[in-house]
Amino acid sequence: MRPLTRYWFGDIALARPYLLVRFVLTVLAFDCWLNLVPHGAKYGIGGFNVAHFPIFGDFVPGASFYLGVLAFTSVLALSQAVYRPHRIALALVAIGYTLGWTCSLLDSVPYHYLVSLYLGCFVFFPMLSARAAFSRSDSAPRGSAWAYVLFCVTTAIVYFYVAAWSAADGEPYWLPMACSGAYLVASMQDRSDRTAARIGMPFLGLGPIAFHLLTPTESWFPVYMIGIAGVVFAPTRSIHTAGRALTSPARNWLRDHSEAGIDERASRMFYLSLVGLVAAPAVSMLVDLPGVKTGCALSAIAMLFVIGRQLYLTPKRRPLWRVASLFGACLALFLTITTSTARFDYYRTGAVDADLRGDHEAAAEMLEKAERYRR
Amino acid sequence: MRSVETEPPPPQPSPRHRRRSGLFIGAVILLQFAVPLTYLTREDTADDRFTWRTFSAPSEPICEPSASLETFDGQREELALEKLIHRDWIDYVSRNRRAVVDAFLKKQCETKNVLEVELTNRCGDERGVHEYRLRCGGERSYEATRTAAR
């Protein structure tokens, strides 16, 4: 195998792409609910908007559109994190998330663009079950995953530019440059025969961790990047052991029956899944935020599309687990929004903005809701 | 009988798959390197999106914006920005973000009987005063800058 081919298509520990997808999707869901939802009220004010790209034309996203897109993306993302991801669902998460920030300059947080790039990589990750990645206790299963290498190289390019702009501004640049180098070689640690490389590689992960701990920011960007560094640079043995412990319930409880074909039970499963798909978004009706119901209903429709294909192509219990994961994600949305200050902040900032514009009726309405949801 | 305990790892990609993936990887990497470099050619230096120059909100001090419009009957009317657009947009405008300034001026031109809209940013530093003027019906606003030295 030529060096370049070996670099992109060589083996990596499958535990890494498995845990990386789950980690990023989970953080993304909670990031949406806790950090983006509270800012939703500013969308559509005065019928004014400038999008990131001219493709949106004169489209003005309102609060319900923005929150709907967030609900759709986050619920689908969390459902994919808790049960085996599906390529179509991941593509929809990537599209939804990207739509969420591209539709308006009101969301110009630089790392959202990076998360979109990551989600794009995830679409091409191997769709691994817990058993495929962690079934063997003696050695970590390995396989080719070029999209994982692309993920690492994407991160390396980001750090490279951080270093380059810092150098151009006369600021210290060695730490981001070291991070860039670390991510370039990170994917090689699982295939290296040299003991020194296997032992030394995890220490390279300290670079990104130190960089984000030393660079203060109010957003969740350090949470993403420190977690990603943990998964990418952890020693093969440790990441495998941690993954085995985390997926132990999934590997022991979620055993599918492998017989294939269409039978009566399959159709019963299908109708049961349909009932579940209707029930799951119903939870979001209790959230009392504009657009969330629609977003959750759309995520259920997306899931129907995913499981509708799976019902005839894969083991038959999988659709039920998918519906359960969607229900769990809708429930998580409800619990997070109702137990945090996200909803209060949404209505409070909405009331302040409306008052500033002189729309006292809307301000009073939103203030009343803010008081109702004060925590 | 197939074991429920283990599943095989994904198969090694075929040469054809590698070729196709290689092309895709090459295109993506090229794009990722090229996009941040576009900053060097951007007309609007306040626009540093997709460049990885910063990961937090811009810390650049903002200017003091004010806006007015002139109607066809020659009357000039001051605009209260905070009543028209959200304060985040006002922040963009006060940082001389050209795309937002242009969109704002165009939006005000949609009001009936408006001949011209003007937006002025007074920055208390070397950036001086930026004046943007759009004759309604025109495509792009005219920008005039008066620095503190003048």
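Visitor: Before we start, what counts as buried, exposed or partly exposed here?
Guide: A residue is buried if 20 or more other C-beta atoms lie within 10 Å of its own, exposed if 12 or fewer, and partly exposed in between. The model itself is predicted.

Visitor: Ok, then Phe50(B): how many other C-beta atoms are within 10 Å?
Guide: There are 17, so Phe50(B) is partly exposed. Phe50(B) sits in the loop between helix H1 (15-37) and strand S1 (64-71) of chain B.

Visitor: What about phi of Phe50(B)?
Guide: Phi is positive there, about 60 degrees, although Phe50(B) is not a glycine. Most residues other than glycine have a negative phi.

Visitor: And Asn113(B), what is phi near in that one?
Guide: Near 70 degrees, again a positive value in a residue other than glycine. Asn113(B) belongs to the loop between helix H4 (98-109) and strand S3 (114-122) of chain B.

Visitor: Is Asn113(B) buried or exposed?
Guide: Exposed: Asn113(B) has 10 other C-beta atoms within 10 Å, and the cut-off for exposed is 12 or fewer.

Visitor: Stepping back, how many helices and strands are in chain B?
Guide: Chain B has 4 helices and 5 strands. Read from the N terminus, the order is α-β-β-α-α-α-β-β-β.

Visitor: What share of chain B is buried?
Guide: Of its 150 residues, 21% count as buried. As for contacts in chain B with a separation of 6 or more, 48% are between residues 24 or more positions apart.

Visitor: Now the contact between the chains. How many residues does it take from chain A and from chain B?
Guide: It takes 43 residues from chain A and 37 from chain B. Elements giving two or more residues to the chain A side include helix H1 (3-9), helix H5 (110-122) and helix H17 (342-357) of chain A. H7(A) gives the most to that side, with 9 residues.

Visitor: How do the residues on the chain A side divide into nonpolar, polar and charged?
Guide: That side has 24 nonpolar, 12 polar and 7 charged residues.

Visitor: Where is Ser144(A), and what does it touch?
Guide: Ser144(A) is in strand S2 of chain A. Leaving out residues up to four places away in sequence, Ser144(A) touches Phe9(A), Gly10(A) and Asp11(A), along with Gln12(B) and Pro13(B). Asp11(A) is 133 residues from Ser144(A) in sequence, yet their C-alpha atoms are 4.6 Å apart.

Visitor: Buried or exposed, that Ser144(A)?
Guide: Ser144(A) counts as buried, with 21 C-beta neighbours inside 10 Å.

Visitor: What does Val37(A) touch?
Guide: Not counting residues up to four places away in sequence, the list for Val37(A) includes Leu67(A), Leu70(A), Leu289(A) and Tyr346(A).

Visitor: Last one, helix H8 of chain A. Which residues in H8(A) are buried?
Guide: They are Pro176(A), Cys179(A), Ser180(A), Ala182(A), Tyr183(A) and Ala186(A). Seen down the axis of H8(A), they fall within an arc of 165 degrees, so they line one face of the helix.

Visitor: What do they pack against?
Guide: The buried residues of H8(A) pack against helices H7 (146-168), H9 (195-204), H10 (206-214) and H11 (221-233) of chain A.

Key: Residues numbered from 1 in each chain as written. Chains lettered and ligands numbered in written order. Predicted model: local features only at pLDDT ≥ 70, side-chain atom pairs only at ≥ 80, totals over all residues. Arc of directions from axis to C-beta. Contact = placed C-beta atoms within 7 Å. Nonpolar A, V, L, I, M, F, W, Y, C, P; charged D, E, K, R; others polar.
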